[in-house]
Amino acid sequence: MSLSAYVPIVWLLALAAAFGLFSVGIAPFVGPRRFNRAKLEAYECGIEPTPQPIGGGRFPVKFYLTAMLFIIFDIEIIFLYPWAVSFDMLGVFGFFEMVIFIITVAIAYAYVWRRGGLEWD
Amino acid sequence: MDKLKLPDMDYVALLPMLALFVAACLGVIIEALVPRRFRNIIQLVLSIVALAVAMFFVVKQSGEVVASKALTAGGAIMIDHAALFLQGALIVLGFVALLLFGERSLEFGGPFVAQAAVTVGSERDREQTGRELGSTETFPLALFSLSGMLLFVSANDLLTMFVALEVFSLPLYLLCALARRKRLLSQESALKYFLLGAYASAFFLFGVAMVYGFAKAVDFKAIHAEALLGEGNSLLLIIGLALLAIGLLFKVAAAPFHVWTPDVYQGAPTPVTAFMASCTKVAAFGGLLRVLYVGFDGLGWQFTPVLGAIAALTVLVGSILAVTQTDLKRLLAYSSVANAGYILIGVIAGQQLGLTSVLFYLVAYGFTVIAAFALISLVRDADGEATHLSRWAGLGARSPLYAGIFTFILLAFAGIPLTSGFIAKLSVFGAAIDGGQTWLVIIGVITSIILAFPYLRVVVMMWLSEPGESTPSVSIPGGLTSTALGIGTLATLVFGVVPGPLLDLAEKASSFVR
């Protein structure tokens, strides 16, 4: 097998490495320096995180619920988008399969809603 | 634009799985809409109806299996005789285990916790322990798990098998964490099971990738053909099979992949333990059989010695560690490890005889183990189930009936004649001798004798010790536990006295379609 098929991958690697090195290298010279507390956090995104809960670092379970809900709809989009793009090719069969899929997600949603998973307090 | 070629779907063939899946979805809706106090009975009835419908279609199809039409769902699912037998076994065993899920008379609110998210030991937790009805999400979870198991034993390619593996594992992880009493132990068991199970799944998936690298396909027929042809990179094939085997042997709890078993069996709520010990075992061995007999049977001479070593190690570890146990649920967990080893001996035996003996063993063991855990759920004190061995001393004098039943069950585990355990071991060992694996049979017999010791110790303690202050009482079982216990015990007796019909059924079922 010819190795030339890998040349684009090598180029991509080189470009990605160059971009990363360039960004890190230039930041101290051109970036503004304004310090605040949020900058000292592990994940610096400009927002101070929710205060750590007292007593052993337990998180309220509602964060978990929110994350789970996010995953449900995240997965739904992952399936919906390619389905929508190739809707013409999939036809009626694809339509009904997707309806069934959305019904199952809706069941999960109804469960969370009725059991109070959407109430923050 | 062109239409895609749609997969051929034989919906009747998929109905057993669909019935359970739809019932599980309905169960979730019931959880959302119905008041708490009605949920248990509605969920129970719904589950039983769904299982009956699923069983009906399994039986209906078993008469009309045609090799050329067995493949469906675009080649992802193979409904052959072995698949239908295993599906039927899963449905029946699942039904008996679900009866235990629904039991509410042994303690207020049933065996499951009301709010699993409440911190253990908090004020709120003490409040809910004795006063709140248990969660009934366990029914839909068990049904989701069962539908995954049905898919697992009929999957015709490795990717479908992986999806099914996850579908039936994830609900089990949750179920383990839902015990009403000893909640920390229960949560610990769920976390351990989840972490180790995730590892095992990763191994399985990596194996799928390796095998795909070898065969350029994931369905068993193509893998088989490619392995026979012997042109590809056989290193990939062997690494792939080894990784697949690790994933599957983890689920069947074979040594050295068994370390999760005692902790999980002990910590999980007893009905869930019964469900895992019976149904998971059937499903996992069903998958292992299909992988080995359909996909990789050309490699028999390569994997038989390795599997033989694992089987020998499994029976040795299971039986020797069972001797040192002081907790009844842990003892049964190690016994289940040893039994996985005996079933593995049947798997290695190969041929139709080996397959028949494995199918028989799975069903016989499943019933007995459900009966055993049903009985364990009866012996209780103020803190819930009293599973420490010393607490069972003198139980024979206090309630002879249940001590007698438990004695019978333990003797069945030990393989005494007139129990299904005897016939099961006999057929497995017979098949192994036929398949030229006499050394495994010798180890099997020796470990059976070792394993008889812990069983007999329990029997002796129950009957020959005086009941002390701390001997707990045996709760009067409600109708559901009685039924489960009755079915399990009766099946153990019937399959031991007249094993003919089930053996015939297993023999008819012992053929895979490639």
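This is a predicted model: local features need pLDDT of at least 70, side-chain atom pairs count only at pLDDT 80 or more; totals for chains, interfaces and linings use all residues.
Let's start with B:Leu418, which sits in the loop between α16 (400-414) and α17 (420-434) of chain B. In the model, the phi of B:Leu418 is near 75°, a positive value in a residue other than glycine. Why does B:Leu418 count as partly exposed? Because 14 other C-beta atoms lie within 10 Å of it, and the partly exposed class falls between 12 or fewer for exposed and 20 or more for buried.

B:Lys216 has a positive phi of about 60° and is not a glycine. You will find B:Lys216 in the loop between α7 and α8 (220-229) of chain B. Buried or exposed, then, for B:Lys216? Exposed, because there are 11 C-beta neighbours inside 10 Å.

And a peptide bond to look at. B:Ala255 and B:Pro256 are joined by a cis peptide bond, with omega at about 0°. B:Pro256 belongs to the loop between α9 and α10 of chain B.

Stay in that loop for a moment, please. B:His258 also lies between α9 (234-252) and α10 (260-267) of chain B. B:His258 counts as buried, because it has 24 C-beta neighbours inside 10 Å. Which residues does B:His258 touch, once those up to four places away in sequence are set aside? They are B:Ala253, B:Thr314, B:Val317 and B:Val337.

Now over to B:Ala506, in helix α20 (residues 500-509) of chain B. It counts as buried because 25 C-beta neighbours fall inside 10 Å. B:Ala506 and B:Ala82 are 424 residues apart in sequence, and their C-alpha atoms are 8.3 Å apart in space. Leaving out neighbours within four places in sequence, B:Ala506 is in contact with B:Phe85, B:Thr356, B:Leu359 and B:Phe360.

B:Lys182 is in the loop between α6 (158-176) and α7 (183-215) of chain B. With 18 other C-beta atoms within 10 Å, B:Lys182 is partly exposed. From B:Lys182 to B:Arg37 is 145 residues along the chain, and the C-alpha atoms are 24 Å apart.

Next, some strands. Chain B has an open sheet of three strands in the order β4-β3-β5, with antiparallel pairing. β4 (384-385) and β5 (473-474) stand at the edges with a single partner strand each, so one side of each has no neighbour in the sheet. Strand β3 (residues 379-381) is joined to β4(B) by two bridges, and these strands run antiparallel. If you zoom in, B:Asp381 stands opposite B:Gly384 in β4(B).

Time for chain A. Buried residues make up 1% of its 121 residues. The UniProt record, an unreviewed entry, places "transmembrane region" at residues 6-30, 63-84 and 90-112 of chain A. In the model, residues 6-30 of chain A are 96% helix and 0% strand, with the end C-alpha atoms 36 Å apart. Residues 90-112 of chain A are 100% helix and 0% strand, and there the end C-alpha atoms lie 31 Å apart.

How do two of those helices pack? Helix α2 (residues 61-85) and helix α3 (residues 87-114) of chain A meet at an angle of about 170°, their axes 10 Å apart. α2(A) and α3(A) are therefore roughly antiparallel. On the α2(A) side, the residues in contact include A:Leu69, A:Phe79 and A:Trp83, and on the α3(A) side they include A:Leu90, A:Met98 and A:Phe101. Across this contact of α2(A) with α3(A), the residues divide into 12 nonpolar, one polar and one charged.

Finally, where the chains meet: 12 residues of chain B are in contact with 13 residues of chain A. The side of chain B that touches chain A has nine nonpolar residues, no polar ones and three charged.

Conventions:
Residues are numbered from 1 along each chain as its sequence is written. Chains are lettered from A and ligands numbered from 1 in the order in which they are written. Two strands pair if DSSP finds at least two bridges between them. Helices (H or I, at least four residues) and strands (E, at least two) are DSSP runs, numbered from the N terminus. UniProt positions are given in the numbering used here, feature names are shortened, and annotations may be inferred rather than shown by experiment. Axes are lines fitted to C-alpha atoms, for helices over the stretch in contact, and angles run from 0 to 180 degrees between N-to-C directions. Angles under 35 degrees count as roughly parallel, over 145 as roughly antiparallel, 65 to 115 as roughly perpendicular and the rest as oblique. Two residues are in contact if their C-beta atoms, placed from the backbone, lie within 7 Å. Ala, Val, Leu, Ile, Met, Phe, Trp, Tyr, Cys and Pro count as nonpolar, Asp, Glu, Lys and Arg as charged, and the others, Gly among them, as polar.
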